[in-house]
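I opened my notebook to get to know a new structure.

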Amino acid sequence: MFNAQPFYANPAGLSTPFGTLLSPGMRVVAYVGSNTAAFDQMPRELVRKRVSTLAAALDKVSANQGDVIVVLPGHTENVSDATMLDKLKAGTTILGMGNVMSDDAPTFTFNASTAKWTIDQADITIQNLRFNCIGADSVDECFEVTATRATFIGNYFTVEDTTNQADIIINLQTGASYCSVISNTFRGEGSASSNCVCVSHTNSVDGNTIQGNTMIGAFHDTRGAIRLASASKDILVADNIIDNSNTGSTACIAVENASSDGIVVRNLMGVRGSGTASALGILVTGTSSALRFCENYCTDEARASGILSPAAAT
C-alpha cells in the first residue's frame, strides 16, 4: 500500500516480519553511500536523498523529530578527527543496513589517535554499524558521550590486533546518564597484551545499562573490558560474555573504589591470569562501592568451569 516506503514518513510507521524499522512519525532524511554504482537501479526518491558522507546527512536532520539516517551496505568512511558529528542534533538515529558481520557492512575507520565521535546531544541511537577502531594505534576514545540517553545497539567494534589497539571504545563522561550499550560485539584480532577498555564509566552518571554484549579479545589486565570507576547510581551490567585474553589478566569487569550503586548480574567471564574468587573476573577495589552481584561466573583455567565472581556473600 505504501510503495514509497521507506522513503516517505508514514504515521503508522514501517514494520517488517523481523521487527519495526521505523516507528510512527519517523522519517528517513538521508541515505549515506560512497558506492555510487549501487544507486543505479534504486528508486528516484532514494537517489534524491543520497549523500556521500555522514556529515552531509547530519546537515539534513531536524532536532527531536525522530529523523533517521540510513547508512547503506558498502559505505566506508574514515574518522580522522573529532569533527564528524559536529552537526549532530538531538533525537537522531544513525542506522546501518545489512548484516553487520559481513564484509560489505557500512564501516567507519578511526585512523588517528585523536579521532572520535562526540555524542553531545540527547537521545542519539547508533545501530547496526561496523567500527574499525584500530586504523591507528592507541585511539584515545572512539566515542565520547556527554549527553543523556545515548543508545548503542547491535554494532560491531574491532578493538585490537597484533599492531594497534584502542584505549577506550565508549567513554561515558559527565552528562551521559541513562545511556544504553546493548547487544554489541567487541572483538579483538590477536594481541596477547592490550590496554583496551570497551566501556568506561569514570564520571558520576546515573541509570546506565550495559547488557547483552559480547566482548572477546585482549583487554586491560586490571580494568577489564568494562570499567566502573565513578560514584554513579542505578547501574545495570547484565548478561555480558567477556573473555579477556590479555596475558596475565585477572579482570573482565573492574569496580573501583567509588560509591557506585546498582546490580551486576549473570555475566560470564574468562581470564588468563590466576586469581582467587575475591579477585578474579569481577575485580572490586576498596570498600566504597555498594554494587550488588548475582550469578556472575569466571574461570581462569582451560577446561574448567567458572566460579562465582566475586565470592559468595556469607
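**Entry 1**

I started with Leu-268, which counts as partly exposed because its relative accessibility is 45%; buried means under 20% relative accessible area, exposed over 50%, and partly exposed in between, with a 1.4 Å probe and protein chains only. I found Leu-268 in strand β26, residues 268–270. Helices (H or I, at least four residues) and strands (E, at least two) are DSSP runs, numbered from the N terminus.

Leu-268 also belongs to a nonpolar surface patch with Ile-241, Tyr-297 and Leu-308, and together they have about 330 Å² of accessible area. Such a patch takes residues with over 30% relative accessible area and no salt bridge, joining nonpolar side chains (Val, Leu, Ile, Met, Phe, Trp, Tyr) within 5 Å. A salt bridge here is a side-chain nitrogen of Lys or Arg within 4 Å of a carboxyl oxygen of Asp or Glu. Areas come from the Shrake-Rupley method with a 1.4 Å probe, and for residues only the protein chains shown count as cover.

**Entry 2: a note on the model**

This is a predicted model, in which local features need pLDDT of at least 70 and side-chain atom pairs count only at pLDDT 80 or more, while totals for chains, interfaces and linings use all residues. Residues are numbered from 1 along each chain as its sequence is written, and side-chain values use heavy atoms, leaving out hydrogens and water.

**Entry 3: the sheet**

I counted 2 helices and 30 strands in the chain. What is the order of the open sheet of 10 strands? I read it as β6-β8-β11-β14-β17-β20-β23-β26-β29-β30, with mixed pairing. At the edges stand β6 (76–79) and β30 (307–308), each with a single partner strand, so one side of each has no neighbour in the sheet. Two strands pair if DSSP finds at least two bridges between them.

I then looked at β11 (residues 130–132) and β14 (residues 156–160), which pair in the parallel sense over 3 bridges. Thr-158 in β14 is the bridge partner of Asn-132.

**Entry 4: backbone details**

Arg-266 has a positive phi near 60 degrees without being a glycine, and I located Arg-266 in the loop between β25 (262–265) and β26. Glu-295 is not a glycine either, yet its phi is positive at about 55 degrees. Glu-295 sits in the loop between β28 (292–294) and β29 (297–299), and counts as exposed because its relative accessibility is 53%.

My last stop was the peptide bond from Ser-309 to Pro-310, which is cis, with omega near -10 degrees. Pro-310 lies in the segment after β30.

Definitions and conventions. Patches are made of residues with over 30% relative accessible area and no salt bridge: like charges are joined within 9 Å, nonpolar side chains (Val, Leu, Ile, Met, Phe, Trp, Tyr) within 5 Å.
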